Amino acid sequence: NNTEIGFAKLLSLSICPEYFPKGEYVVKKGDLGSSMYFIYRGVVDVVSEDGSTVFASMGEGKFFGEISVLSQLTRTASIRASTNCALFVLRKVDLDLALEAYPHINDQIKEEANRRLNLVKQRSKAAKEAKEKGADAKAAAEAAARAAKDKDSEQASDKPKPVTGSVEEIDIPKTGIHIAK
């Protein structure tokens, strides 16, 4: 509808494309976050701090980094390109301006941020419990990954849909963002 078109137009003035080759970190846990990312092409993994355990994967049309941007927390997870990735980067200041005009979209993004923050807490709790039972760091990270995957599969039953369009036109599913230049 017209609201989403207006929001998308505001974002189109602000987002910048960035390329990350396979294996490169996009963000690292603990870093300050001033941008969020939309996956245009490729797959990223949410990984443990040492990179040895994959907690989740996200594909085209998904976004990440919203927790830090919305809550002024440091990055809650490390994100690494699982494949060559084309991402769109949105700075916090630009997102804040757009969300002021479209509060219902702000609510949608905050809802997703809260869901993901709960997954982070679930992973931390599982890792702590595994360590208390004498597991080494790798086993604790794997227990956390299992807990996160179980929790995530309960909450999200649909797979990512591919992004459609060309460089002149971008449609990012599940975000309500359609950008036409």
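Phe38 and Phe63 are both buried in this predicted model. The two residues form an aromatic pair of the tilted kind, with 6.0 Å from centre to centre and 50° between the planes. Distant parts of the chain are linked by this pair: Phe38 belongs to strand S3 (residues 35–41) and Phe63 to strand S6 (residues 63–64), 25 residues apart.

In the whole structure, five aromatic pairs are found. In one of them, Phe7 and Tyr102, the ring centres are 5.7 Å apart and the planes stand at 75°, so the pair is edge-to-face. Tyr102, at 16% relative accessibility, counts as buried because the limit is 20%. Further, Phe20, Tyr37 and Phe64 make up one aromatic cluster.

Aromatic rings are also met by charged side chains. The charged end of Lys28 is placed over the ring of Tyr25, at 4.4 Å from the ring's centre. Arg123 lies over the face of Phe55, 4.5 Å from the ring centre.

The largest nonpolar core has 20 residues, and those touching the most other members are Phe7, Met36, Leu90, Leu95 and Leu99. Two or more residues each are given to this core by H1, S3, helix H2 (66–71), strand S8 (85–91), H3 and H4. H4 supplies the largest share, four residues. Apart from this core lies another, of 16 residues, which includes Val44, Phe64, Ala81 and Val89.

The surroundings of Met36 were examined separately. With residues up to four places away in sequence not counted, Met36 touches Phe63, Phe64, Gly65, Glu66, Val69, Phe88, Val89, Leu90 and Leu95. Among these contacts, Leu90 and Leu95 are, like Met36, listed with the core members that touch the most others, while Phe64 and Val89 belong to the core of 16 residues. Phe63 is the buried partner of Phe38 in the tilted pair.

Helix H3 spans residues 92–101, and its buried residues are Lys92, Asp94, Leu95, Ala98 and Leu99. Viewed down the axis of H3, these buried residues fall within an arc of 160°, so they line one face of the helix. Leu97 and Glu100, on the other side of H3, are exposed.

Val93 and Ser34 are separated by 59 residues in sequence, and their C-alpha atoms are 8.1 Å apart in space.

The mean pLDDT is 79, and 72% of the residues reach 70 or more. Residues 153–168 have a pLDDT below 50, and in the model this stretch has 29 contacts beyond near neighbours in sequence.

Key:
Residues are numbered from 1 along each chain as its sequence is written. This is a predicted model: local features need pLDDT of at least 70, side-chain atom pairs count only at pLDDT 80 or more; totals for chains, interfaces and linings use all residues. Side-chain values use heavy atoms; hydrogens and water are left out. pLDDT is the predictor's confidence in each residue, from 0 to 100. Contact means heavy atoms within 4.5 Å. Buried means under 20% relative accessible area, exposed over 50%, partly exposed in between (1.4 Å probe, protein chains only). The arc is that of the directions from the helix axis to the C-beta atoms. Rings of Phe, Tyr and Trp (its six-membered ring) pair if their centres lie within 6.5 Å; planes under 30 degrees apart count as stacked, over 60 as edge-to-face and the rest as tilted. A charge sits over a ring if NZ of Lys or CZ of Arg is within 6 Å of the ring centre and within 35 degrees of the ring normal. A nonpolar core is a set of buried Ala, Val, Leu, Ile, Met, Phe, Trp, Tyr and Cys residues joined through side-chain atoms within 4.5 Å.
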